[in-house]
Amino acid sequence: GAALLRAAALLAAAWPGGAQKGIGSLNDPCDCMQHHDFWMSARKSLGDLFSAQDFPSRMFDPDDVVHKWIRVQSCMYSPENEESHRPTALSDCIPGFLLVHIVCMQRQLAERRPERVMDYAAELVRLLPWGSTCIDSAGWPLTRAHVLRY
């Protein structure tokens with residue numbers, strides 16, 4: 001568990017040659033041109049949500065709109081779904097997939113399921129190298145440092 005996550009984090013930080021290249025959008029894993037409207041809408045709405053005042057405490061308050069929003073979010077891909085790993089890694093929107101996984105982690109936290117949070121944290125570390133050279137400048141409300149803190 002934790003040792004594997006630490007090893008994966010070290011691998012992500014030291015990945016030789018930077019990010020892997022996607023196939024969808026002129027080899028830019030952060031331009032989000034495939035399904036552009038979806039990704040831009042997600043970037044705006046999720047960015048607004050995560051910048052909500054007192055987000056960390058509000059997500060645990062059952063009477064708060066932030067908590068209610070977090071609890072209804074779906075998890076697009078589960079870490080156990082091997083079939084989703086390849087298309088996700090080859091996506092042209094690695095920041096989007098990272099943020100979607102973070103939303104799913106927030107839902108798991110609100111549901112008091114820390115073991116599932118760790119499963120998704122391992123997914124973050126697995127995906128990060130694919131966009132490591134562009135995520136900080138892609139205009140998403142997260143950076144490589146944010147992802148590594150999860």
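A disulfide is a pair of cysteine sulfur atoms within 2.5 Å. Keep that cut-off at hand for this tour.

**Before selecting anything**

This is a predicted model, in which local features need pLDDT of at least 70, side-chain atom pairs count only at pLDDT 80 or more, and totals for chains, interfaces and linings use all residues. Residues are numbered from 1 along each chain as its sequence is written, and side-chain values use heavy atoms, with hydrogens and water left out.

**Whole chain**

Show the protein as a cartoon. It has 8 helices and 0 strands; both are DSSP runs numbered from the N terminus, with H or I over at least four residues for helices and E over at least two for strands. Of the 150 residues in the protein, 43% are buried (under 20% relative accessible area; exposed is over 50% and partly exposed in between, with a 1.4 Å probe and protein chains only). Contacts are heavy atoms within 4.5 Å. Among those in the protein with a separation of 6 or more, 68% are between residues 24 or more positions apart.

**Colour by confidence**

Now colour by pLDDT, the predictor's confidence in each residue, from 0 to 100. The mean for the protein is 79, and 75% of its residues reach 70 or more. Select helix H1 (residues 2-13), where confidence is lowest at a mean of 44, then helix H4 (residues 65-71), where it is highest at 91. Residues 4-25 stay under 50, and the model has 35 contacts beyond four places in sequence for them. Where pLDDT is low, the predicted coordinates should not be read in detail.

**Helices H6 and H7**

Select residues 94-110 (H6) and 114-127 (H7): their axes come within 9 Å and cross at roughly 170 degrees. Axes here are lines fitted to C-alpha atoms, for helices over the stretch in contact, and angles run from 0 to 180 degrees between N-to-C directions. H6 and H7 are therefore roughly antiparallel to each other (over 145 degrees; under 35 is roughly parallel, 65 to 115 roughly perpendicular and the rest oblique). Show side chains at the contact, including Phe97, Leu98 and Met105 of H6 and Val117, Tyr120 and Leu124 of H7. The residues of this contact divide into 12 nonpolar, 2 polar and 2 charged. In that scheme Ala, Val, Leu, Ile, Met, Phe, Trp, Tyr, Cys and Pro count as nonpolar, Asp, Glu, Lys and Arg as charged, and the others, Gly among them, as polar.

**The disulfides**

- Select Cys30 and Cys134, joined at S to S 2.0 Å. The link is right-handed, with 70 degrees about the S-S bond. Cys30 lies in the loop between H1 and helix H2 (36-50) and Cys134 in the loop between H7 and helix H8 (144-149), so the pair ties together parts 104 residues apart in sequence. Cys30 is buried at 7% relative accessibility, as is Cys134 at 12%.
- Select Cys32 and Cys93, joined at S to S 2.1 Å. With 80 degrees about the S-S bond, this link is right-handed. Cys32 is in the loop between H1 and H2 and Cys93 in the loop between helix H5 (82-89) and H6, 61 residues apart. Both Cys32 and Cys93 are buried.
- Select Cys75 and Cys104, joined at S to S 1.8 Å. The link is right-handed, with 90 degrees about the S-S bond. Cys75 is in the loop between H4 and H5, and Cys104 in helix H6, 29 residues apart. Cys75 is partly exposed at 25% relative accessibility, whereas Cys104 is buried at 1%.

With bonded cysteines counted along the chain, the pattern is 1-6, 2-4, 3-5.
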